[in-house]
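Work through the following exercises with the sequence and the model side by side. Each task is followed by a solution that goes step by step.

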Amino acid sequence: MDDRELLIRYSEGDLPDEELARVEERLNSEPGFRSKRESVEEIATLLRQGAAGSFEPFFAARVVARLRKADSSAAEGMYEALRWIFARVAVACVVVMLAIGAYSALEGGYGGSVVDSVMGLPEATLETALALGG
Amino acid sequence: MSVSDQVLIDRSRAGDERAFRDLVERYEPRVAATVIGMLGPGDEAEDVGQETFIRLYRALDRFRGDSSLGTYLTRIAINLSLTALKKRKRRISRFVSQDETERDRPEASWDPRGELERKDDIRRVRGAVERLAPNHRAVVVLRMIDGYSTREAAEILGVPVGTVMSRLARAMERLEKDMKESDDG
C-alpha cells in the first residue's frame, strides 16, 4: 500500500491494530514519513480553509426564480402544443366538410338551392317530405 | 427551533415555495463547497449549483430519505460537476496532453509556510485542485473539503472504496508536488 494511502487510512482510523502500531512506529522513527503526513494534513487544512461557503448573495432567490421560469415555460409549452393540435384539427375538419360538400354537390342531392345541394339536403316540398317519410 | 428537513420536504412537495427556499438556504454551503471545489468559482459553478437544487425539486416526490438530504444533494452536485467538466474539456482545446502532465516527476516534499502567506497557499492549492483529473478532483472534494469518509465518498461516486483510496492517494501526491513546484518556481 502506498504511504499516502496508509496515512489517509490512518487519519480515518481505518487501520487494524497491527498496522496502526506499525504506522505509529514509522511516524516516530522516520522523518520522511512524518513529513509526508504533515504535508497531507497541511494540504487538507488548506483545502478546508479555502472551501467556498456559499454562492453569490441571494442564491436561493435565483433558484426559486429559475424554477418559476421553468414552470411558466412548461405551461407556455403546453399551450403552444394545444394550439398546434387544434389548428391542425380545424384544418382537417374544413377539408372533410369541403369533401362532403363537393360530393353532395356532384351527386346533386334532391335539387333545390346550391346550399341545399352542398349540404346534401332534399328540397323542402310536400312530395319530398312524403317520400322521405316512406 | 429549526424545522426538520422532512417537514420542509413535505411542505415543498405541497407547493410551499418558502419551504423549498429554506431548504436551498440550508444546503447552499454544502453544495457550494462541492461545486466550487470541483469547478472553481464563476458562472458555471453558479449554474450547476442552481441546477442541483432544481433537480432536487423535480425529484421531491421520489425522494424517500434512504440517504440524508445532504448526501443526496452532494451526489447530484458531483455528477453535474463531472458533466460540466466533460463539456468544458470538449470546449477547451488542450495544448498539454494528460500523459505529459501526469508523467512522473522527482519525489518532493512541500514545505508549508507561515500565516502571512496562507491566502496565497490557499489560492495555489485551489489552482492545483483544478489541474487534477476530474475523477481525482471529485474524491479530493468529497473527502477533503466536504468531509465525507472514504466509504461515503465511494457510495456517492458509485465506485469501490479501494478506488477512492488510491485516487485520493494519487491526487494528494499530485497536489503536494504542485505545491512544491510553485514554491520553487
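**Exercise 1. Locate Phe58(A) in its chain, and decide whether Phe58(A) is buried or exposed.**

Step 1. Phe58(A) sits in the loop between helix H3 (31-49) and helix H4 (59-107) of chain A, where helices (H or I, at least four residues) and strands (E, at least two) are DSSP runs, numbered from the N terminus. This is a predicted model, in which local features need pLDDT of at least 70 and side-chain atom pairs count only at pLDDT 80 or more, while totals for chains, interfaces and linings use all residues. Residues are numbered from 1 along each chain as its sequence is written, and chains are lettered from A and ligands numbered from 1 in the order in which they are written.

Step 2. Phe58(A) counts as exposed because it has 9 C-beta neighbours inside 10 Å; a residue is buried if 20 or more other C-beta atoms lie within 10 Å of its own, exposed if 12 or fewer, and partly exposed in between, with C-beta atoms placed from the backbone.

Step 3. Most residues other than glycine have a negative phi. Phe58(A), although not a glycine, has a positive phi of about 65 degrees.

**Exercise 2. Describe the build of chain A, and state how its radius of gyration stands to the globule rule.**

Step 1. Chain A has six helices and zero strands, so that its pattern along the sequence reads α-α-α-α-α-α.

Step 2. The radius of gyration of chain A is 43 Å, well over the 14 Å that the globule rule gives for 134 residues, and chain A is therefore more spread out than a compact globule. The radius is taken over C-alpha atoms, and the rule is 2.2 Å times the number of residues to the power 0.38.

Step 3. The C-alpha trace of chain A spans about 125 × 40 × 25 Å along its principal axes, and buried residues make up 13% of its 134 residues. Of the contacts in chain A with a separation of 6 or more, 19% are accounted for by residues 24 or more positions apart; two residues are in contact if their C-beta atoms, placed from the backbone, lie within 7 Å.

**Exercise 3. Which element of chain B gives the most residues to the side that touches chain A?**

Step 1. The contact takes 39 residues from chain B and 30 residues from chain A.

Step 2. H2(B) gives the most to the side of chain B, with 11 residues. The residues of that side divide into 23 nonpolar, seven polar and nine charged, where Ala, Val, Leu, Ile, Met, Phe, Trp, Tyr, Cys and Pro count as nonpolar, Asp, Glu, Lys and Arg as charged, and the others, Gly among them, as polar.

Step 3. Phe20(B) lies in helix H2 of chain B and is buried, because 23 other C-beta atoms lie within 10 Å. Not counting residues up to four places away in sequence, Phe20(B) touches Val64(A), Ser12(B) and Tyr57(B).

**Exercise 4. Which residues have the most contacts inside the largest nonpolar core?**

Step 1. The largest nonpolar core has 57 residues, and those with the most contacts inside it are Ile43(A), Leu47(A), Val35(B), Val140(B) and Leu168(B). Such a core is a set of buried Ala, Val, Leu, Ile, Met, Phe, Trp, Tyr and Cys residues joined through C-beta atoms within 7 Å.

Step 2. H2(B) gives the most to this core, with 11 residues.

Step 3. Leaving aside its neighbours within four places in sequence, Ile43(A) is in contact with Val125(B), Met172(B), Leu175(B), Glu176(B) and Met179(B).
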